[in-house]
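Reader: Hi! Could you walk me through this protein, starting with the words I'll need?

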Amino acid sequence: MSEPILTLESVEKIYPTGVKALKDVSLSVQRSEVIAVIGPSGCGKSTLLRTVNGLEDIQGGSITFHGDKLNVRGTKWEQVRQRIGMVFQSYELFPHLSVMGNLLLGPTVVTHRDKATARAQAEKLLTRVGLLDRADSKPHQLSGGQKQRIAIVRALMMNPEVLLLDEITASLDPEMVREVLDVVLELAREGMTMLIVTHEMGFARAIADRVVFMDAGRIVEIDTPERFFTAPSSQRAATFLDTFVFQDPGTGAP
C-alpha cells in the first residue's frame, strides 16, 4: 500500500472550557479513498474535519499532509486550504456576488489565476452539475440544493487534492438531497479523495471505502461499509445503527 496522503496521529482537541472534543484520534487516508465519518450529534465529527482544515487548532498529536506536519508554527493555512478544500452545511456563499462571482473569487484573488481560464473552468463545472444557466444568479435566487452544488463547485475551483464535506445535506429538504449526493457520487467515481461527515447512512454505505464511527470524541471503530453496516464490532455502533431505516441511495426505497 502506498503512503497515506493524510495522517492524524493521537489528535486531541480541548476547548478552553475543558471539554475534550477529540480524544486520541488516529486515522490515515489514502489517495482516492472516500471515508464516511458517522456518529451521534456532538461526537466530534465536524471538529475532526475542522482540525484537518486548520479551522480548529489541536492540543495534542499531529496532522500530516504529504509528509508535512500541519499543526506547527508557520503553517501557511491559506496555501494548505487550496489543496484541502472544505464544503460546509451552511453553503457560505457571498450573498452580494453572483454564482460566477463566487466561483471566480478564490482562483483570481487567492491564486491569481487568469480570469478567462478560471471562467472556462467554472463554466465546465457548472455544466457538470447542471447549473450553467444560473451563472448570473445571486444566491438568494437559488434553492438549497442548488446552493450546495455551487458550494461544491467553488471548492473544486481550487483544484484540491482532498475534499472535506461537512453534513452537506443536513439543511436540505428531502427532495433536494438527491441532487447533491449525485454530485458527490460522481466525484468519488473520478477518484477524488474525500472525508465525508454525513447522517445519510444509505449514502455512506454506497459511497465509502471505509466507515469511521465516532462517539464521545473518539473513533470507536473503522471498517468497510459491508462489515460495519451488517456486523459492527462494537455494541455502541450496533445501537446507533438500530435507529436508522436504510434506503437505497439510487431509488430512495427501503
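Predicted model: local features only at pLDDT ≥ 70, side-chain atom pairs only at ≥ 80, totals over all residues.

Reader: Thanks! Which side chain does the side chain of Glu56 make a polar contact with?

Author: The side chain of Tyr15, at 3.4 Å. Glu56 is in the loop between α1 (45-52) and β4 (60-65). Helices (H or I, at least four residues) and strands (E, at least two) are DSSP runs, numbered from the N terminus.

Reader: Is Glu56 buried or exposed?

Author: Buried, because its relative accessible area is 17%. The cut-offs are under 20% for buried and over 50% for exposed, with partly exposed in between (1.4 Å probe, protein chains only).

Reader: And what is Glu56 in contact with?

Author: Setting aside neighbours within four places in sequence, Glu56 is in contact with Lys13, Tyr15, Arg50 and Thr51. Contact means heavy atoms within 4.5 Å.

Reader: Where does Asn53 lie?

Author: Asn53 lies in the loop between α1 and β4. Asn53 counts as buried because its relative accessibility is 4%. Not counting residues up to four places away in sequence, Asn53 touches Trp77, Arg81, Ile84, Gly85, Met86 and Leu164.

Reader: New topic: how many residues line the largest pocket?

Author: There are 24, and Arg81, Met86, Gly106, Arg154 and Met158 lie nearest its centre. A pocket is an open set of points on a 1 Å grid over the protein atoms alone, where a 1.4 Å probe fits, with protein on both sides within 12 Å along at least five of seven lines; lining residues have an atom within 4 Å of a point.

Reader: Which helix gives the largest share of that lining?

Author: α3, with six residues. Helices α2 (77-83), α3 (99-110) and α5 (144-156) and strand β6 (84-87) each supply at least two residues.

Reader: Last one: how many helices and strands does the protein have?

Author: Nine helices and ten strands. The C-alpha trace spans about 50 × 50 × 40 Å along its principal axes, and buried residues make up 50% of the 254 residues.

Methods:
Residues numbered from 1 in each chain as written. Heavy atoms only, no water. Polar contact = N/O pair within 3.5 Å; in protein donor to acceptor, adjacent residues only side chain to side chain.
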